[in-house]
Amino acid sequence: MIPGLATQLAPPFRLVVTHFIAGLLLLPVVWALLLVDPSPLSGGLFGNRLLAVVHVTALGFIAPIVIGALYQIVPVVLGVRLTSVKAGWTALALVLAGLAGMAAHFWMGRFSPGLAIASTLAAAGLFLAASNLIASLRFVKSWSFGGVLIAVSLVFLLAAAGLGLALALNLVFPYFSSDHVSWLKVHAHLALVGWLGSVVMGATHKLIPMFTLGPEPPSRASAGAAALVFGGLFLLFAAWRGIAPHESGSVGAVALIAGAGTYAALLVRSFAKRARKEIDTGLRHVLAAGAALLAACLIALAAVLPGFLGPLWVVRFSLAYGFLLFGTVVVLIIGMLYKILPFLVWYHRYADKVGLEPVPTTRDIFSEGTARLLFPGHITGGLVVLFGILAGEPILLRAGATILFIVNAGTARLLIGTISRRDDGDS
Ligand code: HEM
């Protein structure tokens, strides 16, 4: 049982789980797209279909689940109410409507005014969600490391969405005079490292010790690690934009990786001191996400070492790097959902019935056995896709996409089944 995850201050549970359901339904769509056409992962970097696949993952799966989880976690961690529930619903509708238009335009390679409208809708949804949460933070009385990182993550989200919108408008009405690829790299890293990196650090700092009954990593050392990550990120941006010398980009990359490594080491130390020794399926996903992140860092280092790789391998390594970064976040989210969701569903459906009538346990409403069966599928599918990217081999990519389509649909069915479980007399 994880009582620290629920509070009377949380918004209506329907708002939170609707975000989770939307994300869970859209993840298999990513693999369906790659089954239809695996070419986005087999060569042409920055191709329009790759943009469709990237944004269905980012805005269809990651954004709704992370934002839904923040609606639940911010009141718990920071003791404040979400400013507006209505704005929460509107933001979700805007992101999903905008994503549908963006994905369709990217997939067809149509950079028409429709893309500008769709991107404006999606960006407006992200702005609304982030500003709704930021407005709640005005009332925070006591800030923890996790709370500060959540606040930082929202600023990165605003910046990533703003620059994403600027890039989309530039595709329709070209206006960036200088090299737009550097802006593209800044946008992708604002989102993947700035936004998601700070969400991951903020959430794992609180949740991993909660799940494992271990000590929280020391806040000061965690803050130092986060400062290295963000400092390294801004140095990279400065080098990409030509504000700082080219070599400072390598210093930035090393600082970023050192910060991520230090934070991971702090988490591992807390994990080693845990009181709950059992490693359940949720935690296995967290460990797999850590391994994917390590692999992403190694691949990134190899890709930026001057002269280490030829042009073809730089493209393949860059795709593998992006795939592993997204994979880290996706696997971590699935693991966290396995840990959090059954408890939240149980809390909202049965907590007030305890002692009055027989109530099921979380084990009755969530099949840990099914989750355990799906786990090797996630790993196998991920590895097959990774080898497919490195070999540039569409058959491997299709095989991996098939496996991941099946296991992600299975994960969606398992978790949505837990959410929508009905009992006699349930309201
Ligand atoms: C409303 C929000 C967003 C909009 C309008 C948007 C728009 C765009 C556009 C137009 C590009 C291509 C730019 C070009 O080729 O010139 C792009 C690339 C990219 N975006 Fe976004 N984006 C948004 C949010 C996000 C988020 C939340 C993430 C990740 C979590 C993300 C990750 C990426 C990545 C990784 C690329 C590079 C893809 C590649 O290498 O081909 N974007 N985005």
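**One residue and its surroundings**

Mentor: Asn408 is found in helix α13, which covers residues 394–419. Helices (H or I, at least four residues) and strands (E, at least two) are DSSP runs, numbered from the N terminus. The model is predicted: local features need pLDDT of at least 70, side-chain atom pairs count only at pLDDT 80 or more, and totals for chains, interfaces and linings use all residues. Residue numbers start from 1 along each chain, as its sequence is written.

Asn408 is buried, because 25 other C-beta atoms lie within 10 Å. The rule is a count: 20 or more other C-beta atoms within 10 Å of a residue's own make it buried, 12 or fewer make it exposed, and anything in between is partly exposed, with C-beta atoms placed from the backbone. Leaving out residues up to four places away in sequence, Asn408 touches Leu27, Pro28 and Trp31. Contact here is a distance between two C-beta atoms, placed from the backbone, of within 7 Å. Asn408 also shows how the chain returns to itself: Leu26 is 382 residues away in sequence, yet the two C-alpha atoms are 9.5 Å apart.

Apart from neighbours within four places in sequence, Ser42 is in contact with Gly392, Glu393, Pro394 and Leu397. Arg276, at 234 residues from Ser42 in sequence, is 43 Å from it, C-alpha to C-alpha.

Phe317 belongs to helix α10, residues 311–350. Phe317 is buried because 21 other C-beta atoms lie within 10 Å. Its contacts, neighbours within four places set aside, are Ile299, Ala302, Ala303 and Leu309. Ile389 is 72 residues from Phe317 in sequence and 8.2 Å from it in space, C-alpha to C-alpha.

pLDDT is the predictor's confidence in each residue, on a scale from 0 to 100. The 24 residues of α3 should span 34 Å at 1.5 Å a residue, and its end C-alpha atoms are 35 Å apart, so the two agree. The expected span is 1.5 Å times one less than the number of residues. The buried residues of α3 include Gly88, Leu92, Val95, Met102 and His105, and the buried set packs against α1 (13–36), α2 and α4. Val85, also in α3, counts as partly exposed because it has 15 C-beta neighbours inside 10 Å. Not counting residues up to four places away, Val85 touches Pro11, Pro12 and Leu15. Just after α3, Gly109 takes a positive phi of about 70°.

Leu213 lies in the loop between α6 and α7 (219–240). Its phi is near 55°, a positive value in a residue other than glycine. Most residues other than glycine have a negative phi. Leu213 is exposed because 11 other C-beta atoms lie within 10 Å.

There is also a ligand, with 28 residues around it; the closest are Ala58, Ala122, Gly164, Ala188 and Ala191. A residue is near a molecule if its C-beta atom, placed from the backbone, lies within 6 Å of it. At least two residues of the shell come from each of α2 (48–78), α4 (113–137), α5 (145–172) and α6 (180–212), and α2 gives the most, with eight. The shell divides into 22 nonpolar, six polar and no charged residues. Ala, Val, Leu, Ile, Met, Phe, Trp, Tyr, Cys and Pro count as nonpolar, Asp, Glu, Lys and Arg as charged, and the others, Gly among them, as polar.

Now the whole chain. Its secondary structure comes to 13 helices and zero strands. Of its 427 residues, 47% count as buried. Among contacts between residues at least 6 apart in sequence, 77% join residues at least 24 apart. The C-alpha trace spans about 65 × 45 × 40 Å along its principal axes. A compact globule of 427 residues would have a radius of gyration near 22 Å; the chain has 21 Å, which agrees. That radius is taken over C-alpha atoms, and the globule rule is 2.2 Å times the number of residues to the power 0.38. The average pLDDT of the chain is 92, and 96% of the residues score at least 70.
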